[in-house]
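Subject: Handing over a structure, with notes

Dear colleague,

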Amino acid sequence: MRVVVDLSRCEGYAQCAFLAPDAFRMHGEEALMYDPAPDDDQRDRVLRAAAACPVQAILVDRLEGREAPVEASRS
Amino acid sequence: MTSADNLQAFKREGRIVIVGASLAGLRAAETLREEGFTGSLTMIGDELGEPYDRPPLSKQVLTGWVAADGTTLPRRRDVDAEWLLGVPASGLDLATNHVRLADGRDIPFDRVLISTGVRARPWFVESEAALDGVFVLRTREHAEGLQRALAAGPSRVLVIGAGFTGSEIASICRERGIEVTVAELAPAPLVGALGAMIGDVAADMQRAHGVDLRCGVKVTRLEGDAQGRFCRAHFDDGSTVDADVAVVALGGIRNTEWLRGSGLAAGVWGIACDTGCRALDLNGLVTDDVFAAGDVARCPNPVYEYRLISLEHWANAVEQAEVAAHNMVNGQADRWPHLTLPVFWSIQFGVNIKSVGVPTFADEVIVSQGSVSDHRFVAVYGYRGRVTAAVSFDNAKWLDHYRKLIETAAPFPPPCPTPDQPADTKPVPVDFPGPQLLAQGATVVVTGHDPGERRVTAAQQHHR
Amino acid sequence: MTTTQTTDTLRRILDYSSRPDPYPLYAELRETPVAAQEDGSYVVSTYREIADLLHNPHLSSDVRNLSHPMPTHEGDATPAFINLDPPEHDRLRRMAMRHFGPPHTPGLVAGAEGDLTAIVGTLIDGFAGKEQIDIVDDFAYPFPVSVICHLLGVPREDEPRFHLWVEALVDSIDYNPETDPKEKLENGLQARKDLRRYLGGLLEKRHGRPGDDLLTRMANDDGPDGRMTDEEIVSTANLLLIAGHETTVNLITNGMLTLLRHPQVLRRLREEPDLVVPLVEELLRYEPPVHIIPWRAAYSDITVGDTVIPKGSQIMLMLASGSRDPNRFHEPDRFDPDRRDIQHLGFGSGIHLCFGGPLARLETQIALTALVRHLDGPRLVTDPPPYRRSPILRGPVHLLVEQQAAG
């Protein structure tokens, strides 16, 4: 799955790092580092983490499994 | 037909081309569809593959945790676009409304969004830049190569430039147990963006983590061995450093060369626009059908005396993309100005550094909360008695308060104490090194005498 | 509205008779976002003003910064971090967090999922053969209490003792010297002392012993901030025991009540278990466990909207009202688990954001999923149910549910 965190919104509440510790890790007290491509077996935890973000900064792909996102073409 | 009919027809079956298929381009495309644009949408990008996120490249990717090709951006919605990837745009013809591609194709449009971003500034000697072990960091290919070089266990890494990217790379090196030398021309890291006070803190953090930090020095030469591998750097003070890897982190170059001759106000400083992300032409007149967003755009900000500001910030790219896309498919009366204050973050040495506002637009700075020696504090910047920016070290939860102080032109220094304000705090000069922005030389020439014939033409531009 | 009118609205909110549905009164209060009260305190009830204040460094959580002391103030006892400002708040919260969450102990909450599911399973097994179930006594209370006892290292069998203290203590939080008997306050203060003494007794035996519970770990840890004093550990454990005890029960019970009032959502949840994640967030907005932050102090003059709150003033923050503010949420009085814009105030915000929030979320997600799966044709016996006294920690005291003829 694909994830991006808007770190300009992030205030370091670490709720995501509690709920999906393999995908979201605190680097020190406040800095978040995350896996932008967590394994699909992390899905439930990542969705929990995204829902719990107090500033709603975590975006999970909304197209997954429904549409091919892009038809990248070589010229 | 009224203009409202025109607008509806354009939303239904117009042609929009987005040049630059990275974060800003993608978010703009999504917003166009969100706003009901059903016409044709073409995405032009010089890199192959889907749009990806860059901030992790200097962090999670360099630690080896995340693969360089694993930062593809999630989608908010389907954009139903034609993607022309792997070919850069080489020209813009506003007489016939075409984007020219480097392979000779011409792509017609009714409206165009330019979000071509920046590229890494390469080392200034081409043969030295080509040495094995010399890197820049902007694309995922760069990150992939640098990560592999770090994983190989170099004896030492030299980072040239202690801005945010350089400092983040140095931090990752230390985290991976790699010896690192950081060379910076300014008196301290981050000083160009955040001033001398924060620069001292940043220098402190680097040294506390075992970085060999050398400030006030210039790297004059990168030396290769017989196999063409980088092995030594020479400094202007006569000293040298032996290392296996050199990372050139000297900032970026805005991708505007392809706009030469287009008649747009585009140059090394970016593409000048209004707050609605509409590009200006060379004369400073607003165009109707050309928009710009992201790192390449240079917009006025009313909070900062309407100065034109270009920002290489993630949130700025997203917000400008949304504003530009909205304005591309709405009439004059419904247009939005892009007025959000810049927000920036950097993760280094286990500390979350964030800023709001424009710290370079300041003459004084004061620590308003926390402890500088603990690297947990908020510093407030002021210009002529009003708050213009704030920077936090591991104190991001307070930053929104300072955003409001900036937006309301609150007095500086802030008159009311907080429970954790240092006892002896007082404003100090912000102290930025040199008038950097004035050093780039003239980019335009004004000609003509009568008001009806005065025009601006582009001067020869030299990139370095 | 005038000061007299808002004072009257607040009085009616705090009155027990409005416990089942305080929301119309919150709407009344929101007409004056920052309302001065006759006693000189301020009540803030709108979303943006509350959120701004919670990020305002001039808002103090330290009772010593109030110009009029709180009647419930405990004098010389070391305050828990919830009642402290930076840097002390940050230091103590950081030291406690070392044993509960990231960055030092990142996997604890997520790793507890199996244990939580097992406890829930045992409680649900107890429903077998019963036609009538009390969601509170049979489920929503024993579940989080078992969890917090295990986590802290407090013997589960002591629950009847500390339960009484916690009740008396919670009951005294909203003590009003004008309307309440003095006894209510005295009972509360005595309960605080008893609970502290009890926790102090437990702590004594943990020094120098190995163990995974929070009391033992706090007693023996030497982190970058040094070691917590016994007083600090007792205050912290005290806070976590009360919070882990008196809030999640409300969230789970309010959740079940809300589902029973929205049978179509209940049915959906049974078919789409993933719905529980956004549903719990909506619950935290729509029927939160904590309605009010009863007091904060203006450390210096604070400007909110058009009002300047003078230094030393007491400020009451109406969280549950803010989460129902129509200027922030579309159709705020509608329970909509599909709501995308859901930045609620259910756990507060800023540096004091609920310490146990991630655990409460996981507990409630597991609890509600299990309840809707195992209850067969559940029906509310009384609506509204009887409520607990507190207007601050608001929730039903009992929630009787009938099942279809049990097998």
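This is a predicted model: local features need pLDDT of at least 70, side-chain atom pairs count only at pLDDT 80 or more; totals for chains, interfaces and linings use all residues.

Contacts between chains

The contact between chains A and B draws on 30 residues from chain A and 36 residues from chain B. On the side of chain B that touches chain A, four elements each contribute at least two residues, namely strand E3 (82–85), helix H8 (314–328), strand E24 (343–348) and strand E25 (351–357). Sorted by class, that side of chain B consists of 18 nonpolar, ten charged and eight polar residues. Chain B is also in contact with chain C, where twelve residues of chain B meet 14 residues of chain C. The side of chain C that touches chain B is made up of six polar, five nonpolar and three charged residues.

Chain A

Chain A contains four strands and two helices, and, read from the N terminus, its elements follow the order β-α-β-β-α-β. Chain A has 75 residues, of which 56% count as buried. Among the contacts in chain A with a separation of 6 or more, 61% are between residues 24 or more positions apart.

One residue of chain A may deserve a look at its backbone: Gln56(A) is not a glycine, yet has a positive phi of about 50°. Gln56(A) is placed in the loop between helix H2 (43–52) and strand E4 (58–60) of chain A. Gln56(A) counts as partly exposed because it has 16 C-beta neighbours inside 10 Å, a number that falls between the limit of 12 or fewer for exposed residues and that of 20 or more for buried ones.

Chain B

The domain assignment divides chain B into domain 1 (3–58 + 72–119 + 254–334), domain 2 (126–250) and domain 3 (350–429), and the C-alpha centres of domain 1 and domain 3 of chain B are 34 Å apart.

The feature "domain: FAD/NAD(P)-binding" is placed by UniProt at residues 15–321 of chain B, a span that is 31% strand and 23% helix and whose end C-alpha atoms lie 17 Å apart. The feature "domain: Reductase C-terminal" covers residues 344–414 of chain B according to UniProt, and over these residues the chain is 51% strand and 13% helix, with the end C-alpha atoms 22 Å apart.

Chain C

In chain C, three strands form an open sheet with antiparallel pairing, in the order E4-E10-E9. Strand E4 (132–134) and strand E9 (379–380) of chain C each have a single partner strand and stand at the edges, so each is left with one side that has no neighbour in the sheet. The antiparallel pairing of E9(C) with strand E10 (residues 400–402) of chain C extends over two bridges, and Arg379(C) stands opposite Glu402(C) in E10(C).

One joins Asp383(C) and Pro384(C), with omega about 0°, and Pro384(C) lies in the loop between E9 and E10 of chain C. Another joins Pro86(C) and Pro87(C), again with omega about 0°, and Pro87(C) belongs to the loop between strand E3 (59–60) and helix H4 (88–97) of chain C.

Finally, Glu331(C), a residue other than glycine, has a positive phi near 45°. Glu331(C) is found in the loop between helix H16 (319–322) and helix H17 (357–374) of chain C, and Glu331(C) counts as exposed because it has 9 C-beta neighbours inside 10 Å, where 12 or fewer is the limit for that class.

With kind regards

Technical notes
Residues are numbered from 1 along each chain as its sequence is written. Chains are lettered from A and ligands numbered from 1 in the order in which they are written. Two residues are in contact if their C-beta atoms, placed from the backbone, lie within 7 Å. Ala, Val, Leu, Ile, Met, Phe, Trp, Tyr, Cys and Pro count as nonpolar, Asp, Glu, Lys and Arg as charged, and the others, Gly among them, as polar. UniProt positions are given in the numbering used here, feature names are shortened, and annotations may be inferred rather than shown by experiment. Two strands pair if DSSP finds at least two bridges between them. Domain bounds come from an automatic or database domain assignment.
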